Amino acid sequence: IIFEDKNIIVVNKPSGISTLPEVDSTSLFDLLKKDRELFELNRIDKRVSGLVLFAKTKESQVIINKQFAESNVKKFYKAIVSKKPDTFTGILENYLEKNKNKSYISTPENKKAKYSKLSYELISSSERYHLLQIELFTGRFHQIRCQLANIGCPILGDLKYGYRRSSPDGSIFLHCFKLDFVHPGTQERVVFEIPCPEIWSKYGF
């Protein structure tokens, strides 16, 4: 738990645990709900790590969900890739269609596809790997994973989107390290930021 008050709780989710309840495993939501009232806000994939935000009242959930809908919540990630992008910075805009448990690049004409946008910046490189910082402007299913794979830069450990092998701990090297939003109680902007997982140091970051 990074922060908690009567309105919200902010948690650093490790990889390997789902954000929301699943049939065959205990979720972060299950663990936290034992001691408090809890309402869903954002989620990150099971094998991805980083900041997850829950509301503790229905009123707070409504207020923050409105911010998500209006793109007033700023979401920042870091990712490790083995191929350097063609440009040091870039904006990726695609239409993504979710089919079963994967997203695919599609076209604006496809009514099932949703507009997806992110920006990335190359912030560091080690001998074999590259660290990207990403701002996510839309929150589509597997968006970052799909859009980076589409430019030839699948994330380390992400077999589903084209990386060649799994990681030692089974994680995908994608981490939500910063959230910036208006607190539903104080009405002031708050920023929560956390470091990357310890295992990332073995890859030079």
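This is a predicted model: local features need pLDDT of at least 70, side-chain atom pairs count only at pLDDT 80 or more; totals for chains, interfaces and linings use all residues.
**Notebook: charges, fold and one glycine**

I began with the charges: the protein carries 32 positive and 24 negative side chains, and the centres of the two sets lie 5 Å apart. I counted Lys and Arg as positive and Asp and Glu as negative, leaving out His and the chain ends, and placed each charge at NZ of Lys, CZ of Arg, CG of Asp or CD of Glu.

Residues are numbered from 1 along each chain as its sequence is written, and side-chain values use heavy atoms, without hydrogens and water.

Next I looked up the fold and found three helices and eleven strands (DSSP runs numbered from the N terminus: H or I of at least four residues for helices, E of at least two for strands). Along the sequence I read β-β-α-β-β-α-β-β-β-β-β-α-β-β.

I then checked burial: 47% of the 205 residues count as buried (under 20% relative accessible area; exposed is over 50%, partly exposed in between, with a 1.4 Å probe and protein chains only). Among contacts with a separation of 6 or more, 61% join residues 24 or more positions apart (contact means heavy atoms within 4.5 Å).

Last, I visited Gly162, in the loop between helix 3 (143–150) and strand 10 (174–182). Is Gly162 buried or exposed? Gly162 is exposed, because its relative accessible area is 54%.
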